[in-house]
Each structure stands twice: as C-alpha cells, then as structure tokens.
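This report goes through a few features of one protein chain. Keep the sequence and the structure in view while reading.

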Amino acid sequence: MDFLVLFLFYLALVLIGVVTICICSKTHYLKGLVRGGAQIISYIIPECLQRAMLKLLHYLFHTRNHTFILLHLILQGMVYSEYTWEIFDYCQELEFSLHYLLLPYLLLIVNLVFFMLSCVSNPGTITKANELLFLQVYEFDEVMFSKNMKCSSCNLRKPARSKHCSVCNRCVHRFDHHCVWVNNCIGAWNARYFLLYLLTLTASAATMAVVSTVFLVQLVVVSDLYLETYVDDLGHFQVIDIVFLIQYLFLTFPRIVFMLGFVIMLSFLLGGYLCFTLYLAATNQTTNEWYRGDRAWCQHCPHVARPPSAEPQVHRNIHSHGLWSNLREIFLPATAHYERKKI
C-alpha cells in the first residue's frame, strides 16, 4: 500500500511539472488537449463540480498566489530528505567521495538563491516614470510590435517586446512569460535569475539521479549479486538479468528506486525546457515572441492592423545580434542599472 501511495504521489508531481511547463510555453497542442479534455469532462462530472474545478484552476493559474512556491519547496524538501536519510548514509559506508556527495547540497543552495531572486525581483514593470525610457530600448518591427500602440489596461504606450500580464495586471518590458512556480513574470530584469534557477534545478536533479544510480550499481557490484542465480517458475536455474536486478532493488530499496525514477523523469523534463530556454536566449527571443511569431509568420497577432487583402507580413527577428551579444543582453539588460538608480 505504501508503494502505491508513493508511486501515485510521484506520478502526480511529474504530471504537474509537465502541465506547468506546457502552460508556460503556451503550446498549440496543450490548448487542443485542454479543449478536448473539457468536452469529455463536461459529460462525466456534475456541473457544480465543474464550476468548482474552474474556480480552482483560475485561482492556481490566473491569479497571483503562493501555492506553487510552497509545492516547489515541499517537493525539494522531500527529495533532499530522502537523499540525506537513505543515499548519503549508504554512500558513506561504501566510501564515496565526500565532495561528490555534497555537490547536490551546493546546487540546492545556489538554486534557492536564484529561486528567491526570481520570485521577488522586478521583471521590468513599465510605469509612467520609465515609459519613455523603455520606448527607446528596442526597435519596432511593425509586424509583431507597432509604434503608438497603447495598453488598454495600463493606459501606457507599449514599448517594443513588452506585454501586459493579465495575472499580475502590469505591462512588463521584454516580457517572456508568467511563471506560476515563482509567482512572478519573467521579463528583462529577472530573465537571468530565472535562467540560472532553471539551470541549477536541472543540474541538481541530474546530479541526484547520477549519485543514486552509481550507488545502486556499486551495491550490486560489491555484493556480487549479478553473479548469482535464481530458480524460475519452471524450476530451472537462471542467471540474474537486469529485470531481476531492478525487481530486487525495488523490493529492497523501494523509496530510493522511486526517488531515482522521479529525478530521472524530472531531469529529462527540466532538461528539455532548459534547452528551449537556452535556444530563446541564444537567438534573442522570448517565449511570447516565439509563440506569437509562429516561428516564421505573424498571422495571429490581434494587435497588428492591416487591410484584409494585404499580404501576410513576414516576421523577422531583428533583435538578434550574435550569440554573445544576445547572452549579454540577458545578463546585462539594457536600462536596468539606470532605472534602479532612479528608483
């Protein structure tokens, strides 16, 4: 029963991670999936429960709240507690290098620093005081971002590459996306914190996966378990294979195997999202621009005014100036130092 509860818990956490990454990326596939799922649910679940679920989803994903921050910290605490109580002690008995075992804790400290900075830092909120300053930072491409556009909510002129966040109810300079895990927008001034947070989180999950795998392999080698034989259902002696070893380790160290499976899946999920984020940084794009531009054509931009008979305009990334310049723009955002001094 305990195994089943652990399995369902870890599965739920992985699914939450997948859904959240998809929501942050705003993929077309997710929208179709949500629409299809909503139609199915409407025939199964009573209307009162549907309304309650919609209210809950609206609270979680469309209002600022600390739910996912708490979930993030609880999840990290559980994984590191399991690592400390189980793997760390066993590895010390097997005489693993202490520096090797302490690496996940170092990554945790660095990750929590950048997590906190991503949560509390100003992403680049556009106000009356800095509106004119931001209007001069980026060039308008007249396809995705046009001059003299005003935000209907903030009543401010919209600088190029900015967007109004409906969750935070503010316009953000070089808006990337709103991340529920940090309960904050990701914009020009905190994109570097978010990138380093994502990098260290991926590295900590991958490091734990490597340490746990090496521990289990070392355990099998030291005990000479792979040289043993067993009797199958037909009464024949069989050499222990990889399937039998996994079953044996699962029955002997269930929590470690569950944790290993979880951090491996998390490493792949975070690694994929990290690669996407690095690609955007290297090409000087934001998630918002990548989505709206549809990679080649800007045909779905509601704010671009053009005659119905006009030819569709090609969206070109005019802000990319080479790899190092693009990365420097992430880590040394324009106007950040000046604006903070002014504030």
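## Salt bridges

The count of salt bridges comes to 5. One of them joins the side chains of E82 and R255, with 3.1 Å from N to O.

## A nonpolar surface patch

Helix 4 covers residues 67-93, and L70 has its place there. Together with I74 and M78, L70 forms a nonpolar patch on the surface. The accessible area of these three residues together is about 280 Å².

## Helix 8 against helix 9

Two packed helices are described by the distance between their axes and the angle between them. Helix 8 spans residues 242-252 and helix 9 spans residues 254-282. Their axes come within 5 Å and cross at roughly 115°.

On the side of helix 8, the contact is made by L249, F250, L251 and T252. Helix 9 contributes P254, V257 and F258. Of the residues in this contact, 6 are nonpolar, 1 is polar and none is charged.

## Confidence of the model

The model is predicted. The chain has an average pLDDT of 81, and 74% of the residues score at least 70. Over residues 1-9 the pLDDT is below 50, and this stretch has 7 contacts beyond near neighbours in sequence. Residues 300-307 also stay under 50, and the model has 11 contacts for them beyond four places in sequence.

How values were computed
Residues are numbered from 1 along each chain as its sequence is written. This is a predicted model: local features need pLDDT of at least 70, side-chain atom pairs count only at pLDDT 80 or more; totals for chains, interfaces and linings use all residues. Side-chain values use heavy atoms; hydrogens and water are left out. Patches are made of residues with over 30% relative accessible area and no salt bridge: like charges are joined within 9 Å, nonpolar side chains (Val, Leu, Ile, Met, Phe, Trp, Tyr) within 5 Å. Accessible areas come from the Shrake-Rupley method with a 1.4 Å probe; for residues, only the protein chains shown count as cover. A salt bridge is a side-chain nitrogen of Lys or Arg within 4 Å of a carboxyl oxygen of Asp or Glu. Helices (H or I, at least four residues) and strands (E, at least two) are DSSP runs, numbered from the N terminus. pLDDT is the predictor's confidence in each residue, from 0 to 100. Contact means heavy atoms within 4.5 Å. Axes are lines fitted to C-alpha atoms, for helices over the stretch in contact, and angles run from 0 to 180 degrees between N-to-C directions. Ala, Val, Leu, Ile, Met, Phe, Trp, Tyr, Cys and Pro count as nonpolar, Asp, Glu, Lys and Arg as charged, and the others, Gly among them, as polar.
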